[in-house]
Structures are given as C-alpha cells and as structure tokens.
Amino acid sequence: MAVPLHLGIRAHDFGRLPLPELLERLNRYRFPHVQLAVHKSFPESVPAMTGLSPGTAAYFGEAFRQAGIRIAVLGCYVNIVDSDPAKRALALNAFCTHLRLARDFGASLVGTETGSVGNGYTPDNFTEEAFQQVVTSVRAMVAEAERFGVTVGIEAGLNHPLHTAQLAHRLLGLVPSNNLQIILDCANLMTVDNYRRQDAVIAEALELLGDRIAVLHLKDFTVRDGQIEIVPAGRGLLHFAPLLHYMKYKRPHIQGILESTPEEDVLESADFLRRLYDEA
C-alpha cells in the first residue's frame, strides 16, 4: 500500500476564527494535523505568552483531539537572540512555558525560528557572535525539553542568524541532543544568489539534516524586483519534487505543513502537492 501524504497547515493562515469554525475548516480541507500558534489564532486565550496555563493547553488539546486533528507543531515564534538580555530572557521563558505544556496540547514538538539580533533585518545576523547566541539559547531550550520529554524544532530563516542548512547542521553538532530537531523550509533557504541552483541547495539540506528533520514547511517563492517573495505552493519557482520524494521514500509518514497560504489558495496548493506526491 502506498504511503499517504500527511499534509497539514498553519492554523493562523485561516485568520482568527472561533475554535469550532477553525476545526470545521481543517476537516473540510482534509488536514489531519496542524501547526498551532495559539497566541496568533486565539489571542484572547493568551494575554501573555508566559501566561499559558495547563487548563488552556488542555482545553485546546481536547478540542483538537475530539475533531481528529493532531497538533504536529506547537508554534512559539519568539526572538531567541534579542540583543536586549531582558527581552531575550522573556522570549526563552515563553518558549519554555510552551515546552512544559506541550503534552497537554497533545503536541510533542515546539517550534520557532531564531529571530534577529536587531530590529528586523540587520547584517549583524550573519556574524559568528549571532550564531553563538543561537547556540546558547537553544542549549537552554533543549535542556528544558529534555526534562519534559518533548522536542525543540528550530527553523532556518532567510536573514536570521540560522539561515542555511550548513548552519543548522552545525547547530545540531554543537547541541547533541535528540530533543533538538529541524523544521525544514526550503523556501527559507533561497536567496537571489542561489535560487538558480536550488536543486543543489535542496539536495544538500536533505543530505546534511537527514533524519533530524522533524517536519517540513511547504511554501513557495518567486523573485520580484530583485527580492525573494513568498507565495503559496505551486505559484512560484521552488522545485518540490525532491522534497516530496524524500517524504514518500526516505521518511514515510513525515508531516508537511502548508505555510503562507491564504484560504483562497488552500485547495489549489494542496491539490498541487498531492498530485506531485502521487507522481513521485
């Protein structure tokens, strides 16, 4: 029997909906799992990122479980390299709160990108000092994850201190714990300088990160006015075939998550990926 494609979506790509309506739409579009950043989808339930309670986690976890939808990634996107020590400590505290409550949500993976040492883009993100701050923060996050038997998922992002597969691989070597895994988003690895040789970039990422990839984010990109622009899957230039081949034959049943996909594009992007997967 052929291994099915396990395709989900970020909950907040549907906007802020009442919980029953969100669950109905996830089932309507045949998404058996989701990435939930509860503070983005339900801000009234999370007045402070560090204010999550076991009751909040149990409430959402039970609702998703009863709807037959798994929370594949508990999203907690915070700036773990903020140059302000107080703000960085607050971000790490928020992330560790999510780690402690992940099991109550029914999740085992809490995910984030690394953020920025400045206010938005800065070339300082590409320094060794910025990378070492990533290592320091991730070590603290992983230590907490190990205590609670859950996993930290780190995602490389364009213009972040962690922005290449090589740096992600280096991070895995410096924080040698199986409680640290990678969320791979190949659109995030594309630049105006490398996208024309994207097959090599994607192949290197899959080779370097291998079975340390926990989840794949699936979105697309195009180039406009000399800049990378993110678009829904199937609307841009990304070569998805090697990613879907990896999902089907190298890591059967690994979960993929649509990202940056407005609801009006969900059916088209999902059908595009399912068709490519069947052809792989």
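## Around aspartate 185

Leaving aside neighbours within four places in sequence, aspartate 185 is in contact (heavy atoms within 4.5 Å) with Glu155, His217, Lys219 and Glu259. Before going further, please note that this is a predicted model, in which local features need pLDDT of at least 70, side-chain atom pairs count only at pLDDT 80 or more, and totals for chains, interfaces and linings use all residues. Residues are numbered from 1 along each chain as its sequence is written, and side-chain values use heavy atoms, with hydrogens and water left out.

Where does aspartate 185 lie? Its place is the loop between β6 and α7; helices (H or I, at least four residues) and strands (E, at least two) are DSSP runs, numbered from the N terminus. With a relative accessibility of 2%, aspartate 185 counts as buried. Buried means under 20% relative accessible area, exposed over 50%, and partly exposed in between (1.4 Å probe, protein chains only). A polar atom of the aspartate 185 side chain lies 3.1 Å from the backbone nitrogen of alanine 187.

## The pair with lysine 219

Side chains of opposite charge can pair when their charged atoms come close. Here, lysine 219 and aspartate 185 form a salt bridge (a side-chain nitrogen of Lys or Arg within 4 Å of a carboxyl oxygen of Asp or Glu), with the closest N and O atoms 2.3 Å apart. Lysine 219 sits in the loop between β7 (213-218) and β8 (220-224), while aspartate 185 sits in the loop between β6 (180-184) and α7 (198-209), so this pair ties together parts that are 34 residues apart in sequence. Both lysine 219 and aspartate 185 are buried.

## A second link across the chain

Another salt bridge joins the side chains of aspartate 265 and arginine 235, at 2.7 Å from N to O. Aspartate 265 belongs to helix α9 (residues 263-279) and arginine 235 to the loop between β9 (227-231) and α8 (241-250), so the pair ties together parts that are 30 residues apart in sequence. Aspartate 265 is buried, at 10% relative accessible area, whereas arginine 235 counts as partly exposed, at 44% relative accessibility.

Which residues do salt bridges with shared partners join into one network? They are Arg10, Asp13, Asp185, Lys219 and Glu259. The side chains of arginine 10 and aspartate 13 meet in a salt bridge of 2.9 Å, N to O, and both of these residues are buried. For the overall picture, the salt bridge count comes to 14.

Technical notes: A polar contact is a pair of N or O atoms within 3.5 Å; within protein, one must be able to donate a hydrogen and the other to accept it, and residues adjacent in sequence count only if both atoms are side-chain atoms.
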